[in-house]
Amino acid sequence: MILLTIDTDWAPDEATRAVLEKVKKLGIKTTVFFATPSPVEPWPLLEVGCHPDLSRSQVPGVAHDSLAVADREHDLAVEEAEGRILHDYRLAFPQAEAVRTHRFYWHSDLSRLMAGSGFLHDSSMILPYQPGLKGFKSGRLKRWPVWASDHLHLARRLPLDRLAMPHWGDPGLKIFCFHVAYMFLNASSLDDFNMIEQRLGDDGFKADSAPGVWNLFELLAERIYKESNGCWLSDLPDDY
């Protein structure tokens, strides 16, 4: 089972709009995790998710000593700050049932906090190229591990003009995590990542024409379309 997901992260609205308009034309179910409100109106094949950066949750009045010993009071204050962020995202995206934290941030109490905020599905975990992947329940939350990401694909210098990944032919859940910035640039190497902010702000910018991340996304969409119009996280059965 192949699922296509996208994180908007900090990409500007112009890049997000351009990428999502192209995605919409592919006619494939896609889950998009929004860090900020979408510049594009929802469409029927879009599943809206939330993409909070919980690593930035700061506790007022607490000195952040890197060698400080953890204590329950501080833990509770952190959880309260994270709970506020998750609650704010639920208010901003009332239709969202899925969440993925920025950089897969996680700790053992987040399942409870996410479920308490009304989320049903989480994808804040990556287990790259593992065969036989399945989802699992953590309390009331269903957790769906990511199988591959565009950043990891570039880091490993895997092909971008064909579907050739470790354990690609093995059974199991294959959730792909793409990022708007890479898709907009049609990035073909991690060198593009180091210039993302500069290139996104270039008025004369043109996406790379060589095989890149957008081409990989298209290939996956074509593969999915041979069997169905795709799958959302909310479509997955509990026992998948």
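How many nonpolar, polar and charged residues does the lining of the largest pocket have? By class, this lining has 13 nonpolar, 8 polar and 5 charged residues. Here Ala, Val, Leu, Ile, Met, Phe, Trp, Tyr, Cys and Pro count as nonpolar, Asp, Glu, Lys and Arg as charged, and the others, Gly among them, as polar.

The model is predicted: local features need pLDDT of at least 70 and side-chain atom pairs count only at pLDDT 80 or more, while totals for chains, interfaces and linings use all residues. Residues are numbered from 1 along each chain as its sequence is written, and side-chain values use heavy atoms, with hydrogens and water left out.

The volume of the largest pocket is about 710 Å³. The lining consists of 26 residues, and Asp9, Trp10, His102, Arg103 and His179 are the closest to the pocket centre. A pocket is an open set of points, on a 1 Å grid over the protein atoms alone, where a 1.4 Å probe fits and protein lies on both sides within 12 Å along at least five of seven lines; lining residues have an atom within 4 Å of a point. Grid points are joined across faces, edges and corners, and a volume is the space filled by probe spheres set on the points. At least two lining residues of the largest pocket come from each of α4 (150-155), β9 (174-179) and α5 (180-185). The largest share, 3 residues, belongs to α5. Helices (H or I, at least four residues) and strands (E, at least two) are DSSP runs, numbered from the N terminus.

The second largest pocket holds about 260 Å³ of space. Met1, Ile2, Arg223, Ile224 and Glu227 lie nearest its centre, among 13 lining residues. By class, these comprise 5 nonpolar, 4 polar and 4 charged residues.

An open sheet of 9 strands has the order β6-β7-β5-β4-β3-β2-β1-β9-β8, with mixed pairing. The edge strands, β6 (136-138) and β8 (148-149), each pair on one side only. Two strands pair if DSSP finds at least two bridges between them. Strands β4 (residues 98-99) and β5 (residues 121-122) run parallel and are joined by 2 bridges. Val99 has Asp122 in β5 as its bridge partner.

Across the whole structure, 9 aromatic pairs are found. Tyr129 and Trp147 form an edge-to-face pair, because their ring centres are 5.2 Å apart and their planes lie at 85°. Rings of Phe, Tyr and Trp (its six-membered ring) pair if their centres lie within 6.5 Å; planes under 30 degrees apart count as stacked, over 60 as edge-to-face and the rest as tilted. This pair links distant parts of the chain, with Tyr129 in the loop between β5 and β6 and Trp147, 18 residues apart from it, in the loop between β7 (141-143) and β8. Tyr129 and Trp147 are both buried. Buried means under 20% relative accessible area, exposed over 50%, and partly exposed in between (1.4 Å probe, protein chains only). Phe178 and Phe217 also form an edge-to-face pair, at 5.0 Å centre to centre and 85° between the planes. Phe178 lies in strand β9 and Phe217 in helix α8 (residues 213-225), 39 residues apart. Both residues are buried. Ring pairs link Tyr129, Trp147, Trp168, Phe176, Phe178, Trp214 and Phe217 into a cluster.

The structure holds 0 disulfides, a disulfide being a pair of cysteine sulfur atoms within 2.5 Å. Cys50 has 0% relative accessibility and therefore counts as buried. Cys177, with a relative accessible area of 1%, is also buried.
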